[in-house]
Amino acid sequence: MTELSCPFCPFSDPNPYALAEHVETIHPETDEPSFVPRSFLQDDRLEREDCKDTANAWNAPSQDYIECECGEAVPLSEFGDHVQLHSAESADMAVDTAEIILPSRPKQHSQHSHNPKHHHTVKDWVTLLLGPNASPSRTKVNATNHKNVKRLGRAELGPYAHEERMPSWLHKQLEHGARVSVINQISQDGQLVRMEVVANESRGILPVLAQLCEQDTMLSKVYLCHPGVQHVFKMAKEGGFCGYRNIQMMISFIQAAQSPGYEFFPGRVPSILDLQELIECAWDRGINTAGKVETGGIKGTRKYIGTPETLFISLNIGCEASAFNDVKNPPVFKQVYREVERYFASYTVASAEKVCRTSAPPIYFQHQGHSLTIVGLEMRKSGSRNLLVFDPSFKPSPGIQRLIGSEFRAVAPEKLLKAYRRGDNYLGKHSSFEILKYGTAI
């Protein structure tokens, strides 16, 4: 195929979609991409390097993945579902969709008392994990101890399974983090408090889901996890860092509930780069070192990760991983339903309530190519079930955001719940699943 050249720099690619994406992201008309701060593009040398990195990213094989406009490489088999969820993501709250009964209380965004010291650098996290005298040098994993451990490929690690480093513009974006604004808010005791609001984190979603489930007449029983869990979602053009975003959601529970391990996570949740460093440090300490061999290392890359027990074990935070792949008793996803129901039921007493609001931690949920955070379970009068999830690939819809902190009556609650439901049609496309539950003794 003929190479198509960028009119602004030496970048070229035979794929016209890749070229259009390159121009949009590297040479936007505003000269200020929404996901790359202006300061990152002021250095011409850095801009040329970004062009080269972007070209390398587009040269990745794409036979089994398709690049969505949101920046995520999606398996071909799941692209239809992905597009439909984008539609649900943009669902607005029309006047006849929901009537607000009580005025909104202050919205519970992801917020912390304003203190610049609350944001840890990667070095801070390494010091926290390994101690103040930690050496920056890394321990080489002895391959002879893992003769039967094989390097994973694209099926497990995603389209960038063999990447040595992510594009520098993306690394800069992750390093900079989502936009943080500071607002003044009246606390419950009447004091004026300055609070941080992080653009890609939203708290207060679960109380909204609880009301919507109460009002959905097709539901017979619903379980929901701890209400303090925040929905953490990807930044623009970030791509597939779903595993790390789900870890951040698990950590948001630990922070909100002040559960064991919360002392490791003061202030904001650790960034994706922080989490990569923590996992690598755990491997260097001899914890699940096979993971290092299987991935070839994850620091500074876009490789997918599995369930994060390595991270939690390294911090002495109890957790339990389970796999569901018993094809002798299909469909496998029904095994997941049963386990999730048993899990949430263990946090409740016998009750006739339709919606059980529990103190249970959320569940990390993994299937091939993607991971989500399970925040609840629906049982319908028809006998079918749905997992309720926070999907890091999608942000809360405007309709949901407007209802945070309010009591309301929804005319069509199922429309607003659609983005959070994963039922038989979605789960039936997969034959194996893994979950990670917080709190079980190590």
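**Close-up 1. T307 in its loop.** T307 sits in the loop between α10 and α11; helices here are DSSP runs of H or I with at least four residues, strands are E runs of at least two, and both are numbered from the N terminus. This is a predicted model, in which local features need pLDDT of at least 70, side-chain atom pairs count only at pLDDT 80 or more, and totals for chains, interfaces and linings use all residues. Residues are numbered from 1 along each chain as its sequence is written, and side-chain values use heavy atoms, with hydrogens and water left out. With a relative accessible area of 12%, T307 is buried (buried is under 20%, exposed over 50%, partly exposed in between, with a 1.4 Å probe and protein chains only). Its side chain makes a polar contact with the side chain of E309 at 2.5 Å. For a polar contact, two N or O atoms lie within 3.5 Å; within protein, one must be able to donate a hydrogen and the other to accept it, and residues adjacent in sequence count only if both atoms are side-chain atoms. Leaving aside residues up to four places away in sequence, T307 touches Y364, Q366, E434, I435 and L436 (contact is heavy atoms within 4.5 Å).

**Close-up 2. The largest pocket.** At least two lining residues come from each of α5 (154-157), α9, α10, α11, β13 (363-367) and β18.

**Close-up 3. The E277–K299 salt bridge.** The closest N and O atoms of E277 and K299 are 2.9 Å apart; a salt bridge puts a side-chain nitrogen of Lys or Arg within 4 Å of a carboxyl oxygen of Asp or Glu. E277 lies in helix α9 (residues 272-284) and K299 in the loop between α10 (290-295) and α11 (309-314), so the pair ties together parts 22 residues apart in sequence. E277 is buried at 7% relative accessibility, whereas K299 is partly exposed at 46%. The model's salt bridge count comes to 13.

Close-up 4. K437 and E320 form a salt bridge, with their closest N and O atoms 4.0 Å apart. K437 belongs to strand β18 (residues 433-438) and E320 to strand β11 (residues 319-324), 117 residues apart. K437 is buried at 5%, while E320 is partly exposed at 34%. Salt bridges link E320, E339, R342 and K437 in a network.

**Close-up 5. Strand β9 between its partners.** Of the 6 residues of β9 (residues 219-224), 5 are buried, so this strand is largely enclosed by the rest of the structure. β9 pairs with β14 (residues 370-380) in the antiparallel sense over 5 bridges, and V222 stands opposite E378 there. With β12 (residues 355-357), β9 runs parallel, joined by 3 bridges; L224 has R357 as its bridge partner. Strands count as paired if DSSP finds at least two bridges between them.
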